[in-house]
Amino acid sequence: MKKFVSILLVILMIISIVGCGKNDKLDVDNNTENQDNSKNQSEKSDESKKEEEDPFLTGEKPEINILTYYTGYNMEEQPSYKVVEDMTGYKVKWFNLPQENADEKLLLEIAGGSSYDLLMRMSPNQTNQLYVQNALLDLKPYLDKYGENIYSAVSERSLNALTDDKGMIYALPHEAFDGPQPGGKPYGVLKGGIGFNTSYLEELNKDIPKTLDEFYDVLKAYTDKTGKPALTQSANAWNNVILAAFGMGDPTWYDIDGEYVHRIRHPRIIDYLSFMQKLYKEGILDNDFPVNTVASAKEKFTNGITLAYPVMFWDADGIYSAFASAGIDTKMEVATFLAPDSSTSPTVYIRQGILNTTCIPKTSKNPEHAMIWFNTISDIDNFEKIYLGEKDISYEIKDGGYYPIFPAFNDYTNSDKFTGIIPSGKAFEMWQARARKTEAMAEMYDQMNSRVEEYEIVNYYENYAASLEAVQKNQMALNTMVNDFLIKAIVDGGDPKTAIDNIIAEWEKTGGNDYEKAMKTWYKENKEKFD
């Protein structure tokens, strides 16, 4: 019995100890949880307190000086100026670069110590020149503190392109929004093509061409019937609508079996040249095209001489006004990028890249306020209000698309100059309201995109290489040289392969090799980052 009692006491003691241990553990857990909650509350409180104590966020807002590109109008007289002022609480003094010699003026201004707080929508080349001269602030500290909206908006590849090897972010990217991001709706990506006089098409009993053969047939039918050139254009050897039928288009560089190739070396460039020579020789292509300006070529189309002329949808109102002045009652429809044949899908290339940049010079007196201001206009809701106005007053959304409401939308003609940065896919959606700013533009834009689902969409990224030294040094001169030589080859009508070989030889002698080497290296290092 004593033994039994002893064992029972031991068991009770063990249970008591375990129970105490559990209670102690619960108490510890509860205390820990309470401590964590207190810590979180404390951190939130500290964060809120920190924000309240930040004089740049809560103190007096100074007037900000902003320099932007030439606009041809007074920025402070635009309706959007007041919208942004009310939204941000900042008064802004706007300055513009001149139309001529803008780069030189910019460099002189900054070197002279002009105290602009923000350089907005500079060209990548201008920004690179300022960076090389050590004239720009590192934006990373300001972004980390005040740039939440901006960080959410820009793509990693764009930000990386403006970050040096020491981690300095020297500019903010305004990315192209020529189309949707991968997986987005393609409607709206087609913006230009070759405009056709529909009255002449009806007389020929022809439809808008979709393939290269259809294109040639309708042009030839017009020239055979009238003895006039069917197609006119300015002195540009690269007709991108026609190039599409030969595997090219808007880009200058193409991935051919894993190799980055300039279009002058493209496998189909000889075929393209041969086709253009044929149009010229047969009088289908305006024989004055080597000396045509945009204005003189447009005049031949709007005076009723030619059947077709390259256009963008925003040309619609000007062309219809010119038709009316010439006493011509007709409409225009547009042939978009041509397919090689009826069994092959046409291709549209969508530019991805950096169009402009915004940066802060070292001479800025208010860099923190400049970043706070720019971050505020980079909020998506704020961007929409600046860009389009008030929903159901100046714009509306129908079937997922943005449409302007007139006359209220007239106040937003130049509003895009006042906007910050939002994700490019969202900007593309909003932009479509601006694409419909007039009835004629809207009609042409919708006509061009009526069969966009038939197109294969390919993104291209060569604009991200614009800051390379070899590109800046050689690209412009090489483009001019190739264009001049190609026009000469079209007119001369000689052996197309010999002509291309000669152009390539000259291209290589005048900086082409350095340019090509830089682009190939860049593409090899970056192509896996692209969609």
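User: How many residues does helix 12 have, and how far does it reach from its first C-alpha to its last?

Analyst: Helices here are DSSP runs of H or I with at least four residues, strands are E runs of at least two, and both are numbered from the N terminus. The expected span of a helix is 1.5 Å times one less than its number of residues. Helix 12 (residues 269-281) has 13 residues and reaches 18 Å from its first C-alpha to its last, close to the 18 Å expected. Gly283 follows helix 12 and has a positive phi, near 75 degrees. Please note that this is a predicted model, in which local features need pLDDT of at least 70 and side-chain atom pairs count only at pLDDT 80 or more, while totals for chains, interfaces and linings use all residues. Residues are numbered from 1 along each chain as its sequence is written, and side-chain values use heavy atoms, with hydrogens and water left out.

User: Which residues of helix 12 are buried, and what covers them?

Analyst: Buried means under 20% relative accessible area, exposed over 50%, and partly exposed in between (1.4 Å probe, protein chains only). In helix 12 the buried residues are Ile269, Tyr272, Leu273, Phe275, Met276, Gln277, Leu279 and Tyr280. Their cover includes helix 10, helix 11, helix 19 (469-492) and helix 20 (496-526).

User: Which residues touch the most other members of the largest nonpolar core?

Analyst: In soluble globular proteins, nonpolar side chains tend to be buried together. A nonpolar core is a set of buried Ala, Val, Leu, Ile, Met, Phe, Trp, Tyr and Cys residues joined through side-chain atoms within 4.5 Å. The largest such core has 81 residues, of which Phe196, Leu219, Ile242 and Leu307 touch the most other members. Helix 20 supplies the largest share of this core, nine residues. A second, separate core of 38 residues includes Val189, Met441, Val452 and Tyr455.

User: What is Ile242 in contact with, beyond its neighbours within four places in sequence?

Analyst: Contact means heavy atoms within 4.5 Å. With those neighbours left aside, Ile242 is in contact with residues including Tyr272, Phe275, Met276, Leu279 and Leu338. Leu338 lies in the loop between strand 9 (332-335) and strand 10 (347-351), and its relative accessible area is 0%, so Leu338 is buried. The C-alpha atoms of Leu338 and Lys210 are separated by 5.4 Å, although these residues are 128 residues apart along the chain.

User: Where is Asn239, and is it buried or exposed?

Analyst: Asn239 is in the loop between helix 10 (212-226) and helix 11 (240-243). Its relative accessibility is 5%, so Asn239 counts as buried. A polar contact is a pair of N or O atoms within 3.5 Å; within protein, one must be able to donate a hydrogen and the other to accept it, and residues adjacent in sequence count only if both atoms are side-chain atoms. The side chain of Asn239 reaches the backbone nitrogen of Val241 at 3.2 Å.

User: How are the rings of Phe246 and Phe275 arranged?

Analyst: Rings of Phe, Tyr and Trp (its six-membered ring) pair if their centres lie within 6.5 Å; planes under 30 degrees apart count as stacked, over 60 as edge-to-face and the rest as tilted. The count by this rule is 35 aromatic pairs. For Phe246 and Phe275, the centres are 6.1 Å apart and the planes stand at 50 degrees, so the pair is tilted. Phe246 is in the loop between helix 11 and strand 6 (253-256), whereas Phe275 is in helix 12, 29 residues apart.
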